[in-house]
Amino acid sequence: RWFLLPLLVVLFLSGHQQFVSYAELRNAYRATLSGFVKALEAKDFYTRGHSERVAYFATIAGEELGLRGAKLEHLQFAALLHDLGKTVVPKDLIQKKGRLTEDEWKIMRKHDDILGELLGPIDFLKPVVDAAEGHNLRFDSGATQGIEADVLAVADAFDAITSTRSYRVALSQQYAFEELRRNAGGQFNSKAVEALIAAVEARGELYGSPDVHDEETARRLAESKSDLRDEITAEDLA
């Protein structure tokens with residue numbers, strides 16, 4: 001399929017990495033990952049910028065926890081790749097405005113396995129794949145893939161809550177923080193939760209809709225809009 005083309009680039013790079021400097025190889029990885037992200041965003045305008053935002057939130061939270069060097073870089077790459085599997089999920093399902101049925105959730109969840117199937121055999125990407133796949137596992141399951149996966153899970157959830165989706169508008173940052181803390185120790189690593197909150201607050205940044213503090217209101221507001229696509233400007237699409 002067309003979206004697999006960037007994978008050929010990765011495979012080529014993996015076989016020839018001894019011929020280029022580390023800096024050049026790293027830049028090539030980033031360029032390839034950008035191709036993955038664009039392939040995904042072409043299917044769902046609601047998630048435009050999601051992977052980059054998750055990478056940013058994961059980075060500042062990781063730095064708050066003391067991650068540096070290769071660990072921080074693996075976290076950034078994992079954030080950019082974490083939704084790659086959605087490129088094989090039907091577009092109408094990704095953009096569905098109502099709640100997903102049980103069968104639809106099963107189809108959506110299949111995207112979690114795609115990343116490992118596609119990139120797992122590439123040795124140098126294993127830490128990245130482990131973190132990207134592990135972010136879907138609950139912290140209290142005991143099966144997470146390390147702190148990078150835990151941080152990615154929190155960053156992904158924070159952006160999902162504070163961003164508009166097909167089925168609801170963005171919720172407030174306050175609600176997002178409360179929701180993360182409510183699930184800390186269970187779904188999420190408590191240290192990762194507090195690291196992200198501390199990092200965002202330290203920078204004085206605000207995300208989400210300031211006056212939307214519950215899911216019911218967020219869904220009702222989304223349903224009241226005839227079509228959120230009409231609000232996209234030419235600048236947004238550039």
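**Figure 1. Arginine 182 and glutamate 179 both sit in helix 10.** They are 3 residues apart, about one turn of the helix. The model shown here is predicted. The two side chains form a salt bridge, with the closest N and O atoms 2.1 Å apart. Arginine 182 is exposed, at a relative accessible area of 53%. Glutamate 179 is partly exposed, at 22%.

**Figure 2. Salt bridges with shared partners join Arg168, Glu215 and Arg219 into one network.** In one of these pairs, arginine 168 bridges to glutamate 215, and the closest N and O atoms are 3.8 Å apart. The pair links distant parts of the chain, 47 residues apart. Arginine 168 lies in the loop between helix 9 and helix 10, while glutamate 215 belongs to helix 12. Glutamate 215 is partly exposed, with 29%.

**Figure 3. Glutamate 63 forms a salt bridge with arginine 203.** Their closest N and O atoms are 3.9 Å apart. Glutamate 63 is in helix 3 and arginine 203 is in the loop between helix 11 and helix 12, so the bridge ties together parts 140 residues apart in sequence. Glutamate 63 is partly exposed, at 32% relative accessibility. Arginine 203 is also partly exposed, at 38%. The protein has 8 salt bridges by the rule used here. Side chains of opposite charge can pair when their charged atoms come close.

**Figure 4. The largest nonpolar core holds 45 residues.** Which residues have the most contacts inside this core? They are Leu75, Val154, Phe158, Leu180, Phe188 and Leu196. Helices giving two or more residues to the core include helix 3 (50-64), helix 4 (69-81), helix 8 (126-134) and helix 10 (173-182). Helix 9 supplies the largest share, 8 residues. Nonpolar side chains tend to be buried together in soluble globular proteins.

**Figure 5. Leucine 75 touches residues beyond its sequence neighbours.** Residues up to four places away in sequence are not counted here. The contacts are Ala58, Gly62, Leu67, Glu148, Val151 and Leu152. Leucine 75 is among the core residues with the most contacts inside the core.

Figure 6. Of the contacts with a separation of 6 or more, 69% join residues 24 or more positions apart. The protein exposes about 12200 Å², and carbon and sulfur atoms supply 53% of that area.

Key
Residues numbered from 1 in each chain as written. Predicted model: local features only at pLDDT ≥ 70, side-chain atom pairs only at ≥ 80, totals over all residues. Heavy atoms only, no water. Contact = heavy atoms within 4.5 Å. Areas by Shrake-Rupley, 256 points an atom, 1.4 Å probe, with all protein chains shown as cover. Core = buried A, V, L, I, M, F, W, Y, C linked by side-chain atoms within 4.5 Å. Buried < 20%, exposed > 50% of the residue type's maximum accessible area, 1.4 Å probe, protein only. Helix = DSSP H or I, 4+ residues; strand = E, 2+ residues; numbered from the N terminus. Salt bridge = Lys/Arg side-chain N within 4 Å of Asp/Glu carboxyl O.
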